[in-house]
Amino acid sequence: MLKATRVGDVTEIKMGRSLDGQTVLYWVAAYLIGGILLDTGCDYTKNELTEFLSSRQVSVIVNTHYHEDHVGGNALLRERFGSRALGHPETVRLMGGKYDLYPYQQVIWGYPTPSTADPIGTTVDDGGVSLRVIETPGHCKGHISLFEENQRILFSGDIWVGERPKTARAEEDVHQLIADLRKFEELGPKIMFASLGKVVPNPLEVIKRTRSYMETTRDKILKLHSEGKTPEQIRGVLFGRESVLARATQYQLSTKIFIESFLRGA
């Protein structure tokens with residue numbers, strides 16, 4: 001399923017697999033600004049995305065990172081439109097091969113067709129729109145965010161997903177996520193487009209609150225750890241039991257991992 005909404009100069013393209021034609025399992029968004037397409041959704045929505053873009057000019061695809069819900073349309077779009085693709089060198093390497101997915105990932109997003117791309121520079125320019133590349137590797141190695149200077153538009157990828165996160169994947173670095181949020185604050189964005197299809201106007205205070213929450217949570221975790229508590233005990237004190245999300249993802253995404261990421265190097 002695909003839903004497109006125009007927000008100023010940006011077209012938000014929300015996509016997700018629907019098993020009954022009505023209910024989407026998990027929304028993810030691509031964004032089109034000028035001729036630049038940021039991310040391409042998952043394998044299950046690649047045909048809808050290609051059809052939607054058939055009457056639009058896509059000169060370049062930029063992938064924020066290699067995950068299967070962000071690169072699923074790359075191969076088909078490049079084949080149909082001849083668009084070039086760009087990403088961080090780590091993203092280019094990983095999207096060119098196939099890696100194992102958990103059952104929930106196979107059901108919700110599917111396996112992306114391996115595709116090629118070129119290493120991205122410090123900016124992306126389609127002749128009318130210029131985006132500054134911001135390295136934000138907190139979510140995974142090679143993750144980037146994009147910033148349009150004139151209108152102060154921030155495309156945050158998976159760095160910001162909500163104000164009070166409490167789960168993480170093993171490849172995430174929460175200390176780096178805090179640093180990435182600080183980079184966002186320094187940019188002073190006037191609008192933020194996040195990968196889950198969340199559009200946040202005047203996002204600076206939201207970003208600050210998220211960063212403050214992360215830092216406060218870090219301090220609480222480190223204090224409890226210094227008192228001899230295990231990650232499971234810390235989870236019980238601060239968050240209670242693991243979420244339904246953790247069980248659904250076979251604990252690939254969990255509060256325990258969130259806590260352990262704060263403890264790395266402690």
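Student: In this predicted model, which residue of β14 is the bridge partner of M192?

Tutor: The bridge partner of M192 in β14 is V200. Strands of a sheet pair through backbone hydrogen bonds, either parallel or antiparallel. Here β13 (residues 191-194) and β14 pair in the antiparallel sense, over three bridges.

Student: What is the order of the strands in the open sheet?

Tutor: The order is β8-β9-β10-β11-β13-β14, six strands with mixed pairing. At the edges are β8 (123-125) and β14 (199-201), each of which pairs on one side only. From one strand to the next, the twist averages 20 degrees.

Student: Which strands does helix α5 lie across?

Tutor: Helix α5, residues 174-187, lies across β9 (130-135), β10 (144-148) and β11 (153-157). Relative to β9, helix α5 runs at about 145 degrees.

Student: Where does D39 lie, and is D39 buried or exposed?

Tutor: D39 lies in the loop between β4 (36-38) and α1 (46-53). Its relative accessible area is 3%; the cut-off for buried is under 20%, so D39 is buried.

Student: Where does Q250 lie, and how does Q250 count by relative accessibility?

Tutor: The loop between α8 (244-248) and β15 (253-254) holds Q250. With 47% relative accessibility, Q250 counts as partly exposed.

Terms used:
Residues are numbered from 1 along each chain as its sequence is written. This is a predicted model: local features need pLDDT of at least 70, side-chain atom pairs count only at pLDDT 80 or more; totals for chains, interfaces and linings use all residues. Side-chain values use heavy atoms; hydrogens and water are left out. Two strands pair if DSSP finds at least two bridges between them. Helices (H or I, at least four residues) and strands (E, at least two) are DSSP runs, numbered from the N terminus. Axes are lines fitted to C-alpha atoms, for helices over the stretch in contact, and angles run from 0 to 180 degrees between N-to-C directions. Contact means heavy atoms within 4.5 Å. Buried means under 20% relative accessible area, exposed over 50%, partly exposed in between (1.4 Å probe, protein chains only).
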